[in-house]
Amino acid sequence: MKISIVSGKGGAGKTTFTVLFANYLINKGVNVLINDLDVEEPNINLFLNKKLEYDNIYTYVPKHIKENCTYCKECAEKCLFKALVVAKDFWIVLPELCHSCKLCEYVCKYSAIEGDKRVIGKIGQSVDKVPHLLEGRLNIGESLTTALIKQVMCKSSNIKDNYDIILMDSPPGTSCPVIETSKGADKIVVVAEDTPFGFSDFVVLNDMLKEIGKDYYLIINKFIDGAEYLDFVAKNNIKILGKIPYDMNLARSYSGGHNMGVSIDFDSIYNTLLEGLR
């Protein structure tokens, strides 16, 4: 079972929930793999402190074959991302804008473009002790977040039969990287914090998940009274999976990378997530 843990805003607590839930599952004897897909700022390993073995991850980038080029500009005109600049006797690719779609190579009639590759980040892996971990880490300044996430998920898919449950710690927000981590999940857990800002982003996330046809369960973190949430979930038939109380000691433990003692009914959460999959 693949469970995607998502949140509308950063700092809502999805990593906290992922680590705590993984520890619970391990104590039940469940084989768990964590995919840290928050590739711009992966932090699961701050709590697991694993030694990761990294492999560079590459993406396609066009390479200019000068002797074949007529500088007709068709490649640049067809590029949807404006990643090519072509003028008389001048051709350059802007790699940070290139989305590796290969359209430029496809439309070139003169074989003046061929494939090359460049590093966009790396994937770290640890399988020495439970939970096993795959971590995507995007290079600083790199924009191809979704491309790296896809590669982490591909690597995870190749070893999925070794695990009972794969927990996918998603990037925050509602854009393409979150959609990528959500669309293939068996279950989605939304972690939202009990603040006006958190509720506002939660509503946007709710709309996005509805747009892609995904149901989800809700964890309310830093729970005080949940007034806005309780009214919203009642009107929209959303199931609350759990509540993590507002607790300064928990925040201090998190900030220090220590074990986080918190009272959550994980038995109920686990059984609810298994419903329909047994």
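1. Ser100 sits in the loop between β5 (90-93) and α4 (103-107). Helices (H or I, at least four residues) and strands (E, at least two) are DSSP runs, numbered from the N terminus. The phi of Ser100 is near 60 degrees, a positive value in a residue other than glycine. Ser100 counts as buried, at 17% relative accessibility. Here buried means under 20% relative accessible area, exposed over 50%, and partly exposed in between (1.4 Å probe, protein chains only).

2. On the basis of these remarks: this is a predicted model, in which local features need pLDDT of at least 70 and side-chain atom pairs count only at pLDDT 80 or more, while totals for chains, interfaces and linings use all residues. Residues are numbered from 1 along each chain as its sequence is written, and side-chain values use heavy atoms, with hydrogens and water left out.

3. Lys82 also has a positive phi in a residue other than glycine, near 55 degrees. Its loop runs between α3 (74-78) and β4 (84-87). Lys82 is exposed, with a relative accessible area of 57%, whereas Ser100 is buried.

4. For the protein overall, there are ten helices and eleven strands. The C-alpha atoms fill a box of roughly 70 × 45 × 40 Å, taken along the principal axes. Of the 278 residues, 50% are buried. Among contacts (heavy atoms within 4.5 Å) with a separation of 6 or more, 73% come from residues 24 or more positions apart.

5. Strand β8 (residues 165-169) has five of its five residues buried, so the rest of the structure largely encloses it. In a regular strand the side chains alternate between the two faces of the sheet. In β8, Ile165, Leu167 and Asp169 point one way and Ile166 and Met168 the other way, and all are buried.

6. Two strands count as paired if DSSP finds at least two bridges between them. β8 runs parallel to β1, joined by four bridges, with Ile3 opposite Leu167. β8 also pairs with β2 (residues 32-36) in the parallel sense, over five bridges; there Leu33 stands opposite Ile166.

7. The antiparallel pairings involve β6 (residues 113-126). Twelve bridges link β6 to β3 (residues 53-64) in the antiparallel sense, and Asp55 has Ile123 of β6 as its bridge partner. β6 and β7 (residues 132-138) are also antiparallel, over six bridges, with Gly121 partnered by Leu138 of β7.

8. A hairpin of five residues joins β6 to β7. Pro131 lies in this loop, and the peptide bond from Val130 to Pro131 is cis, with omega near -10 degrees.

9. Helix α7 (residues 196-211) has 16 residues and reaches 23 Å from its first C-alpha to its last, close to the 22 Å expected at 1.5 Å a residue. The expected span is 1.5 Å times one less than the number of residues. Its buried residues are Gly198, Phe199, Asp201, Phe202, Leu205, Asn206, Met208 and Leu209. An α-helix has 3.6 residues a turn, so residues three or four places apart point the same way. The buried residues of α7 pack against β1 (2-6), α6 (176-183), β9 (187-193), β10 (217-223) and α8 (227-236). Just after α7, Gly213 takes a positive phi of about 75 degrees.
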